[in-house]
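Trainee: Could we go through this protein together, with the sequence and the coordinates side by side?

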Amino acid sequence: MAIIGDEASGFRFTHISAGFLQAMGWTRAEAAGRTLEQLFTADARLILTNALYRVLEGMGPVEVSAPIRRSAHQSDQTSFALRPMPGGAVIEITSPAERADGVVGWRRILFEQLNLVGSGAASIYDRSPAMEADMASLLGFPPGEAPAEVDLIHPQDAPRLHAHRRRLAAADEGYIARVTARMRHACGDWRWIEIREEVLDRTADGALGRILGFALDVSEHHALLEATHRQSLAVMHAETEERRRIARELHDTMAQYLVVIDLALSRLQRTVADPLPEGPIADIREALRSAHEEVRSFSWLLHPPDIERLGLARAIEKFGAGFGARTSLSVITETGELPPLSSASELTLFRITQEALMNVHRHARATEVHILLSAASRNAVSLDVIDNGVGLAGATVDPASGEGAGVGLSGMKARVERLSGTMAVMPGKTGFHLRVSLPVQGTLEGRAKRPRRRRARAHEDERGPKAAPPRA
């Protein structure tokens, strides 16, 4: 397949595929940018030129056969198919063997059948069109009857589509950009359309020229992802509820049993005739106190009650303050107004904060760490943990996964991915930056409140209130 441009100097090849070069016996250096007069004999040039004029006059695809010289004494009849495109035509070659077998060549399949496979639409056009005919057909509109593009794009996806086109306008030739957006179908439903576009060339003044575009309806794929996400959330919700139940049982039942044992021991001391040995009694009471503390701590770790009692933002602030007091870190927490989050999302963000601060304490040799929790957009919440430590100088780190850091980030990433979120590490020359983004349902209403800043206070503890020893 090749593209022939209609220029003032004549018909000229602007793009040539490797298969076309091989079929014609040309090298790219001797064919690229050359005109028909420079590449074909008079007989072949006359046939192809007439076919090109017919194509440009709107007579549709044209098939011709022209003699192509292979050597000084040999010429072969080669079959060509020409199709119109803005500013020229696409020319394809069908080999004699394919035509003898009654099979349409793969180059023709590319354009004729891609529009049928998976509800796709393929086309070549000048710049980004308002509504390409093939795209209108993909959305169920008759040719020429599609509404304006602004009426077809979902309002929440319009900024993403505009950003895609800005990237494309600034891209080099050969750059492929991809974007997925909701577009209104002729039946009134919103369909997820994935658009991939490649810059074929630019004009003499550097403006965006021709684009090879392909659009695909991926609504079923999105529906499957959403169903999987809902199931994952249901599993995580069930897990959170079970953690809450176990924590409540430990706190309300096991802790009470320990209190009963302590009370019984005190009663035994008062009622026996001979005094009980003080050493064993002291050991028993110490064991009871430790067991009571462990039960309360384990209950808190299973499901921190501060999240429900104080809310996620305040719970993180309290945790950071207590952690800083015990480690001599200056922990600064900034939180903005957050949208309603699922219990699974809140617990995930809280656990990641715990693990991130522990990593800073163990590995960063930092003196200060910032925790930023806010709404990243109308439908996402972000958590940033930034320290001023030694960073990862000399280490090879994958920014997407965090692999190579050696600080246990894989567990955090697994938590985030279960909620369809993203995690990235952004190491610099000094310090370390962890960013987590989780999607939320619905949209944010109102403007975000001014961030609050809280420094660590020694009297707050991230493990919650310490257990008081059982009283006799």
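Trainee: What share of the residues in the protein is buried?
Mentor: This is a predicted model, and its secondary structure comes to 14 helices and 15 strands. Counted over the 472 residues of the protein, the buried share is 41%.

Trainee: Which strands do the buried residues of α8 pack against?
Mentor: Helix α8 runs over residues 158-169, and its buried residues are A158, L161, H164 and L168. These cover an arc of only 120° around the axis, which puts them on the same side of α8. In general, an α-helix has 3.6 residues a turn, so residues three or four places apart point the same way. The strands that the buried residues of α8 pack against are β7 (176-184), β8 (190-199) and β9 (210-217).

Trainee: Which exposed residues does the face of α8 turned away from its buried side carry?
Mentor: The buried side is the one with A158, L161, H164 and L168. On the face turned away from that side, the exposed residues are P159 and R166.

Trainee: Which backbone nitrogen does the side chain of D387 reach?
Mentor: D387 lies in strand β12, residues 380-387, and is buried without a salt bridge, the nearest side chain of opposite charge, R365, being 10 Å away. Beyond its neighbours within four places in sequence, D387 is in contact with several residues, including V360, A364 and F432. At 2.8 Å, its side chain reaches the backbone nitrogen of G389.

Note on methods
Residues numbered from 1 in each chain as written. Predicted model: local features only at pLDDT ≥ 70, side-chain atom pairs only at ≥ 80, totals over all residues. Heavy atoms only, no water. Helix = DSSP H or I, 4+ residues; strand = E, 2+ residues; numbered from the N terminus. Buried < 20%, exposed > 50% of the residue type's maximum accessible area, 1.4 Å probe, protein only. Lys, Arg positive; Asp, Glu negative; His and termini not counted. Salt bridge = Lys/Arg side-chain N within 4 Å of Asp/Glu carboxyl O. Polar contact = N/O pair within 3.5 Å; in protein donor to acceptor, adjacent residues only side chain to side chain. Contact = heavy atoms within 4.5 Å. Expected span 1.5 Å × (residues − 1). Arc of directions from axis to C-beta.
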